[in-house]
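User: Please take one part of this structure and describe closely what packs around it. Then continue from there to other parts that deserve attention, stating the criteria behind each term.

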Amino acid sequence: MDYKKELFAQCTPYLQWLAKREPIKDSENEATGEPICVFPFSSCTDSIKTVLGNGSVDREKIYLFMNADGVLHEGAQALIAQAFDTNKKAIVIYSDEDYYGTLAELYQIEDKMFKKTTNGLLRGEPWFKPDFSPDTLESFFYIGNLFALRGQAIADVINEFGVDVSLCMLVRILARQTAALHDNTHGAEVFVHIPEVLYTNNRLSKKDELDCFEQEFFAKTDAVRIGGTRANLGRLSVIIPSKDNPQTLKRCIETFRQCAKDMDYELIIVDNGSTDENRTFINAFLEGCGAKYLYEKAEFNFSQMCNRGAKAAEGDFLLFLNDDIAVDETQADGGWLVKMMRYAATEHIGAVGIKLHYPDGDLIQHVGITNMGIGPAHKLGGMPDKGNLYHGHNLADYNMLAVTAACMMVSREKFERAGGFDEELAVAYNDVELCFRLYQMGLYNVVVNSAYLIHHESLSRGEDTAPEKKARLLCEKRKLYEKHPWASPKAQTPDPFYSPNLVQWEKDAAYHINYQYPCDKIVELEPLPVKYRRFTGRMYHPFLMWFLRKTVRKYLEQTHVHIAKLFNRLTGEAYHMFNIDQVTQEEGIVTITGWHVLRKQDNAKLVKKLWIRGLHWEEYEVELSPKLRRDVEALFAGERRTKNTALSGICLKIDTSNLTRGKYMVGIVVKRRWRGWFLLPVECRFEV
């Protein structure tokens with residue numbers, strides 16, 4: 001392995017992704033006959049008149065707008081022209097983009113480390129955008145720095161609003177008209193997203209700035225679009241499923257009532273079998289709330305409880321709320337609730353969710369649910385809610401394919417039209433399934449990220465870590481995709497609000513590029529070669545040698561401590577440093593992550609394998625591919641003789657479908673230049 005070359009590759013996944021993609025060339029796309037006029041602009045707030053000069057528009061032409069502080073890639077114009085020719089209904093087409101910068105700016109590594117590898121500015125920080133998202137566009141101009149419009153559409157807007165309308169307002173007007181169509185294409189035929197990087201921005205320093213709108217321009221239409229004032233939004237029914245959590249329920253209700261003082265609402269508590277003592281306590285504090293208390297002993301079925309509460313509701317809007325939700329003091333004014341109601345009242349919107357924090361600190365638990373290749377997953381989960389996370393996903397209100405029912409609002413009419421929650425999904429994915437149906441009805445789901453609540457996740461029903469709960473979770477995921485095969489990973493239908501260029505094959509919070517290094521790929525274990533299964537000359541079975549070393553070391557530690565230390569140094573065991581971070585198992589794939597470093601050695605010259613041994617002497621080996629671990633590099637930075645530890649990470653995904661059932665032990669086998677193979681059993685086991 002060329003250590004520096006591999007280190008550069010591991011530090012720059014986007015560059016590796018770019019290198020594997022075929023470049024787009026003008027010659028590859030046939031001319032469509034539709035002329036394209038290119039117009040640079042300095043800001044999306046520039047008016048049509050400023051950008052076009054006299055403001056006159058040819059209805060037969062295509063107008064391509066690009067920020068002047070960037071570069072249009074070769075083939076971009078031809079690809080856009082081809083997209084207009086293919087999509088006759090298209091009026092707006094936009095693409096992805098990235099940024100120019102140095103290695104230090106883009107990848108946090110020093111240029112001098114790779115003088116022979118790179119020179120000057122590189123591309124990085126890709127912005128892979130969602131498909132048409134009208135409510136995201138209401139929050140900020142996610143269309144970005146390169147977009148094209150039909151002259152006909154521009155002329156129609158000018159006729160109604162004049163030439164002083166800004167470019168971002170021009171696109172927003174067209175988006176509102178498109179969202180109002182309520183067709184099952186969700187505007188994808190009108191607002192076409194090309195999932196290709198066609199523009200590179202020179203303004204890396206402004207990457208985290210969100211281009212927001214002048215709200216005054218739409219002051220009159222906003223009042224019509226998102227309902228009336230706080231007092232006349234309509235009646236809200238708050239449905240809270242709960243069992244044997246009286247104190248938690250009380251906190252939930254008290255914090256909610258504090259922020260809903262001047263609103264018209266009702267509380268509906270659905271209890272599936274609290275004890276008599278807890279039931280008495282709940283009845284006592286509900287007396288002053290005027291709440292409906294629906295009590296019936298039954299097996300836990302979240303969908304059934306929510307549907308039961310919805311049938312008893314009298315409100316225009318339904319707010320499904322977990323009893324372990326609490327309103328933070330910073331949100332006590334109730335602005336978040338009004339905003340959710342206004343969204344729910346909007347004709348084209350289905351379910352409305354909200355950003356949720358874990359109870360400790362400012363860690364994010366939910367900003368929407370993405371349908372990935374591995375299934376539904378919470379985005380940004382576990383990340384600190386600080387700064388701007390992937391273009392405002394923690395700040396701006398975003399359209400998402402699904403939101404969690406821990407706090408979900410939907411209009412009563414849309415909920416009933418969708419058929420309520422699916423009671424076959426008793427515990428998990430029932431909220432996702434409802435959101436899928438709302439989406440198929442031509443509605444958009446949205447999450448409010450400009451406010452947040454506190455969620456004591458799974459306090460009521462516990463964590464899904466027990467084997468039987470994992471099995472149930474897997475079963476309900478299968479049911480979800482049986483009901484919605486269009487969303488199944490097998491159908492390879494990407495989430496329209498999550499780019500196919502973003503990671504699909506593992507849980508990911510940070511919106512990483514969909515590029516796999518060898519260590520990220522699933523491997524099938526190879527049986528241990530026959531030559532290691534018997535004595536052949538001076539080569540002995542490493543597991544046997546480890547057992548002998550262990551026996552001798554144990555004896556020496558009990559009798560001669562100083563000799564034991566010398567023995568550890570002579571065998572090299574004292575210099576092996578390792579840690580297994582975690583071993584996870586899901587759907588037949590075992591994932592082992594950790595690191596291994598051999599002290600006082602150049603780790604770039606080591607060959608490492610994992611040996612896996614079962615209780616019935618089944619033995620397998622797999623060569624470890626390098627994995628970047630900057631934290632481990634920092635750990636050994638002070639040791640002069642311990643070199644090249646940055647690629648010391650362990651990341652192994654094992655397909656267990658062909659393994660014999662039982663328990664397995666894992667060991668690291670390291671080959672040094674003059675000492676041969678050395679086995680170090682890791683405190684790591686898994687069971688198939």
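Analyst: The buried residues of helix α7 are covered by elements that include α3 (48-52), β2 (62-67), β6 (146-150) and α8 (167-179), where contact means heavy atoms within 4.5 Å. This is a predicted model, in which local features need pLDDT of at least 70 and side-chain atom pairs count only at pLDDT 80 or more, while totals for chains, interfaces and linings use all residues. Residues are numbered from 1 along each chain as its sequence is written, and side-chain values use heavy atoms, with hydrogens and water left out.

Helix α7 itself spans residues 151-161; helices (H or I, at least four residues) and strands (E, at least two) are DSSP runs numbered from the N terminus. Its residues Gly151, Ala153, Ile154, Ala155, Val157 and Ile158 are buried, that is, under 20% relative accessible area, with exposed meaning over 50% and partly exposed in between (1.4 Å probe, protein chains only). After α7 comes Gly162, with a positive phi near 95°.

Leaving aside neighbours within four places in sequence, Phe147 is in contact with Phe41, Tyr63, Leu64, Phe65, Ile93, Tyr94, Phe141, Leu167 and Val171.

The axes of α10 (residues 246-258) and α11 (residues 276-286) come within 10 Å and cross at roughly 15°; axes are lines fitted to C-alpha atoms, for helices over the stretch in contact, and angles run from 0 to 180 degrees between N-to-C directions. The crossing angle therefore makes α10 roughly parallel to α11, since angles under 35 degrees count as roughly parallel, over 145 as roughly antiparallel, 65 to 115 as roughly perpendicular and the rest as oblique. The crossing of α10 and α11 is right-handed, meaning that the near helix is turned clockwise from the far one by less than a right angle. From α10, Pro246, Gln247, Leu249, Lys250 and Ile253 meet Asn278, Phe281, Ile282, Phe285 and Leu286 of α11. This contact between α10 and α11 comprises seven nonpolar residues, two polar and one charged, with Ala, Val, Leu, Ile, Met, Phe, Trp, Tyr, Cys and Pro taken as nonpolar, Asp, Glu, Lys and Arg as charged, and the others, Gly among them, as polar.

Individual residues remain to be considered. Asp431 lies in helix α15 (residues 430-440) and is buried, at a relative accessible area of 11%. Residues up to four places away in sequence aside, Asp431 touches Val403, Thr404, Ala405, Met408 and Phe421. In the loop between α14 (412-418) and α15 is Tyr429, which has a positive phi of about 65° although it is not a glycine and counts as buried at 13% relative accessibility. Tyr390, likewise not a glycine, has a positive phi of about 40°. Tyr390 sits in the loop between β16 (375-378) and β17 (398-399), and its 16% relative accessibility makes it buried.

Glu74, by contrast, is exposed, with a relative accessible area of 55%, and belongs to the loop between β3 (70-72) and α4 (76-86). The C-alpha atoms of Glu74 and Tyr199 are separated by 9.4 Å, although the two residues are 125 residues apart along the chain.
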